[in-house]
Each structure stands twice: as C-alpha cells, then as structure tokens.
Amino acid sequence: KFNELNVTLRQIGVDDEKSFIDERIAIGEKLLAKEYQPLLIQFAKRGVPATLRNKVYKKIFNIDMTPRDSEYFESLNEHFK
C-alpha cells in the first residue's frame, strides 16, 4: 500500500547525501516545468528538497498567490503580532 516508504527507496530527510538531493532537485525542476500535478504528487511521496517545497506544494495544491494576496497576508501578520 505504501510502496514509497520501502526501506530500499531513498527518501529526502533520511538519505541526505548531496548527490541524492541534487538528483531530486533536478527531477523536481523538470516536473515543475511540465506542470502536471499527478507527477508532482508522485514525486512528493519520497520527499521534496527544501529548495523546491514552496513551488512544488503550490502546484500540487493549485495555489496561485497574487502580490495582493501576499500584501494582505503581511497586513494580517502585522495586525495580530
């Protein structure tokens, strides 16, 4: 059922060897360029490198933040400090 958690498969957060992370970054960037959500979901099952998390999860959850959204969020942060 959870094949991605098999101990024979490497995972981000467990196998943090630089060459593995670099490989995952390269794959992630290619998938982001394709903009095909199901592939990104499969990719995320084995971990998303920290440098790509923002972009990958925005695509997976179909989040499109405009500059106005960011400004509103910042104003809420300031208001509730």
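Here are legends for a handful of close-ups of this predicted model. Local features need pLDDT of at least 70 and side-chain atom pairs count only at pLDDT 80 or more, while totals for chains, interfaces and linings use all residues. Numbering runs from 1 along each chain as its sequence is written, and side-chain values use heavy atoms, with hydrogens and water left out.

**View 1. The largest nonpolar core has ten residues.** The members are Ile25, Leu31, Leu32, Leu40, Phe43, Ala44, Val48, Leu52, Val56 and Ile60. A nonpolar core here is a set of buried Ala, Val, Leu, Ile, Met, Phe, Trp, Tyr and Cys residues joined through side-chain atoms within 4.5 Å. As for the accessibility classes, buried is under 20% relative accessible area, exposed is over 50%, and partly exposed is in between (1.4 Å probe, protein chains only). Helices are DSSP runs of H or I with at least four residues, numbered from the N terminus.

**View 2. Around Ile25, a member of that core.** Leaving aside residues up to four places away in sequence, Ile25 touches Pro49, Thr51 and Leu52; contact means heavy atoms within 4.5 Å.

**View 3. Tyr57 and Phe61 form a stacked ring pair.** The count of aromatic pairs comes to one. Its ring centres sit 6.2 Å apart and the planes are at 20°, so the pair is stacked. The rule pairs rings of Phe, Tyr and Trp (its six-membered ring) with centres within 6.5 Å; planes under 30 degrees apart are stacked, over 60 edge-to-face, and the rest tilted. Tyr57 is partly exposed at 33% relative accessibility, whereas Phe61 is exposed at 56%.

**View 4. A nonpolar surface patch takes in Tyr57, Phe61, Ile63 and Met65.** The patch covers about 390 Å², with areas from the Shrake-Rupley method and a 1.4 Å probe, counting only the protein chains shown as cover for residues. Patch residues have over 30% relative accessible area and no salt bridge; like charges are joined within 9 Å, nonpolar side chains (Val, Leu, Ile, Met, Phe, Trp, Tyr) within 5 Å. Met65 belongs to the loop between H3 and helix H4 (67–79) and is partly exposed at 40%.

**View 5. Two of the salt bridges: Arg10 with Glu17, and Lys18 with Asp22.** The structure holds three salt bridges, each a side-chain nitrogen of Lys or Arg within 4 Å of a carboxyl oxygen of Asp or Glu. For Arg10 and Glu17, the closest N and O atoms are 3.6 Å apart; Arg10 is partly exposed at 30% and Glu17 is partly exposed at 44%. The Lys18 and Asp22 side chains meet at 2.9 Å, N to O. Both residues lie in helix H1, four residues apart, or about one turn of the helix. Lys18 is exposed at 60%, and Asp22 partly exposed at 36%.

**View 6. Glu35 and Lys59 join up in a salt bridge.** Their closest N and O atoms are 3.6 Å apart. This pair links distant parts of the chain, 24 residues apart: Glu35 is in the loop between H1 and H2, and Lys59 is in helix H3. Glu35 is exposed at 56%, while Lys59 is partly exposed at 35%.

Technical notes. Helices (H or I, at least four residues) and strands (E, at least two) are DSSP runs, numbered from the N terminus.
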